[in-house]
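This briefing covers a ligand shell, a division into domains, and the sheets and helices around them. Please consult the sequence and structure shown next while reading.

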Amino acid sequence: MIKPLIVENLTKVYTVRQRKGLFRSQKVEVQALKDISLEVEEGEIFGLLGPNGAGKTTLIKIITTLLLPTSGRVFVNGFDVIKQENQVRASVGCMLMGERGLYWKLTGRENLEYFAALYHFPPKKRKERADEILNLIQLTDIADRTVETYSSGQKMKLAFGKALIQDAPLLVLDEPTNTLDVPSASELRAIVRQLNQQGKTVIYTTHIMAEADALCNRLAIIDRGELLALGTPAELKASLNSRRVIHIEGVISAQAVEEVLRLPMVSNATRSARNGATLLTVVSYEGVEILPALIRVLVEQGAHIQKVLPEEPTLEDVFIAKTGRTLAEDTRIST
Ligand SMILES: Nc1ncnc2c1ncn2[C@@H]1O[C@H](COP(=O)(O)OP(=O)(O)OP(=O)(O)O)[C@@H](O)[C@H]1O
Ligand SMILES: [Mg+2]
């Protein structure tokens, strides 16, 4: 079976001029992608997660033939991005640059029909396709207004709709929920899931870890052009060998806390008041395996346990473990 995407040892170096004083400039190289290899399977929603400047857009631009690799090979639906540019383009629906890829003086409907014409749809089909998409992205109400009158969220939705026109088997979406409010973003993710269930493979970039976690079957974490980790969200979190935090609510004596602290896998335990009860926060390096022993000690000490809430590790924790930084930090290489 032909894979939707194969990336082999991909490197991208940008050469840019950097100003040096008023009249001089020098050439500098920015290495945006460093020896990236990955494969996307048919039917997946594959995420590219990374902070600002990680190289996500650079990778998407190479996949969609807008940019040439410096070295390495990339195959999209079996086609080589360097030698078979046209076949690649015909087999991918992409959303890049968000609203900047639209004509603001045309209406939403005219935009979709225009792009449908570029994909050689006959006139009647163009109208049908535009209608279907407007319906799906719920923009029918404002379809006959010029795009310049749209809110940024409405423009983003239309840009997403544009990626769907040619009904390509692979959808490549570069931060499609950027600038969308919370309900619109979750609406868009629901449409992405729906399209995925109908058989489309999706490549989806984001710098929001909760979004990657909620949406993607597998994901690659990239940072400063390097592939840091690859796997399902569950695999990535399970790979974390870091501390786990467990909250226990109930009636818990100070003596019980002393006993908990004596457990070998417990690195810390603190007691505080919460809603008239005691909140015990236990930090352990053993994960949830510690729970039976923990509860036994508490019960032996006469504690009444009302709630046990283990804190789940997040993808952010995975990123922090690999880099020592949070995802929010901007890592753009300043030139
Ligand atoms: N046209 C360009 N010329 C020179 N350097 C560039 C160019 N485009 C991107 N870069 C650099 O390449 C690196 C990766 O940028 P890229 O846009 O791929 O990151 P990104 O992960 O999409 O970030 P963001 O989340 O901010 O969109 C950055 O250091 C950036 O400064
Ligand atoms: Mg980007």
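Which elements each supply at least two residues of the shell around ligand 1? They are β1 (5–20), β2 (24–40) and α1 (56–63). The model is predicted, and the points that follow are grouped by topic.

**Shell around ligand 1**

- Among the 15 residues around ligand 1, those that come nearest are Tyr14, Asn52, Lys56, Thr57 and Thr58.
- Helix α1 gives three residues, the largest share of this shell.
- Sorted by class, the shell holds seven polar, six nonpolar and two charged residues.

**Domains**

- Three domains divide the chain: domain 1 (1–91 + 168–241 + 313–335), domain 2 (105–161) and domain 3 (244–310).
- The centres of domain 1 and domain 2, taken over C-alpha atoms, are separated by 26 Å.
- Seven residues from domain 1 and seven residues from domain 2 make up the contact.
- On the side of domain 1 that touches domain 2, four residues are nonpolar, two are polar and one is charged.

**Strand pairing of β1, β4 and β5**

- Strand β4 (residues 71–76) pairs with β1 through five bridges in the antiparallel sense; Val7 has Val74 in β4 as its bridge partner.
- Strand β5 (residues 79–80) also pairs with β4 in the antiparallel sense, here over two bridges, and Val76 has Phe79 in β5 as its bridge partner.
- A hairpin is formed by β4 and β5, with two residues between them. Asn77, in the turn, has a positive phi of about 50 degrees.

**Six-stranded sheet**

- Six strands form an open sheet with mixed pairing, in the order β6-β7-β8-β3-β9-β10.
- At its edges are β6 (92–95) and β10 (226–231), each of which pairs on one side only.
- With direction ignored, neighbouring strands of this sheet are turned against each other by 15 degrees on average.
- Strand β7 (residues 170–174) and strand β8 (residues 201–206) run parallel and are joined by five bridges; the bridge partner of Leu171 in β8 is Val202.
- Helix α5 lies across β6 and β7, and runs at about 170 degrees to β6.

**Helix α3 and its surroundings**

- In helix α3 (residues 108–118), the buried residues are Gly108, Arg109, Asn111, Leu112, Glu113, Phe115 and Ala116.
- These buried residues pack against α4 (123–136) and α5 (152–164). Helix α5 is also the helix that lies across β6 and β7.

**Four-stranded sheet**

- An open sheet of four strands has the order β12-β13-β11-β14, with antiparallel pairing.
- Why is one side of β12 and of β14 left without a neighbour in the sheet? Both β12 (266–274) and β14 (304–310) stand at the edges and have a single partner strand each, so one side of each lacks a neighbour there.
- From one strand to the next, the twist averages 20 degrees.
- Strand β11 (residues 244–251) runs antiparallel to β14, and six bridges join the two. Ile248 stands opposite Val308 in β14.
- Helix α9 (residues 254–262) packs on this sheet, where it touches β12 and β13 (277–284). The direction of α9 makes about 160 degrees with that of β12.

Technical notes: Residues are numbered from 1 along each chain as its sequence is written. Chains are lettered from A and ligands numbered from 1 in the order in which they are written. This is a predicted model: local features need pLDDT of at least 70, side-chain atom pairs count only at pLDDT 80 or more; totals for chains, interfaces and linings use all residues. A residue is near a molecule or strand if its C-beta atom, placed from the backbone, lies within 6 Å of it. Ala, Val, Leu, Ile, Met, Phe, Trp, Tyr, Cys and Pro count as nonpolar, Asp, Glu, Lys and Arg as charged, and the others, Gly among them, as polar. A residue is buried if 20 or more other C-beta atoms lie within 10 Å of its own, exposed if 12 or fewer, and partly exposed in between; C-beta atoms are placed from the backbone. Two residues are in contact if their C-beta atoms, placed from the backbone, lie within 7 Å. Two strands pair if DSSP finds at least two bridges between them. Axes are lines fitted to C-alpha atoms, for helices over the stretch in contact, and angles run from 0 to 180 degrees between N-to-C directions. Domain bounds come from an automatic or database domain assignment.
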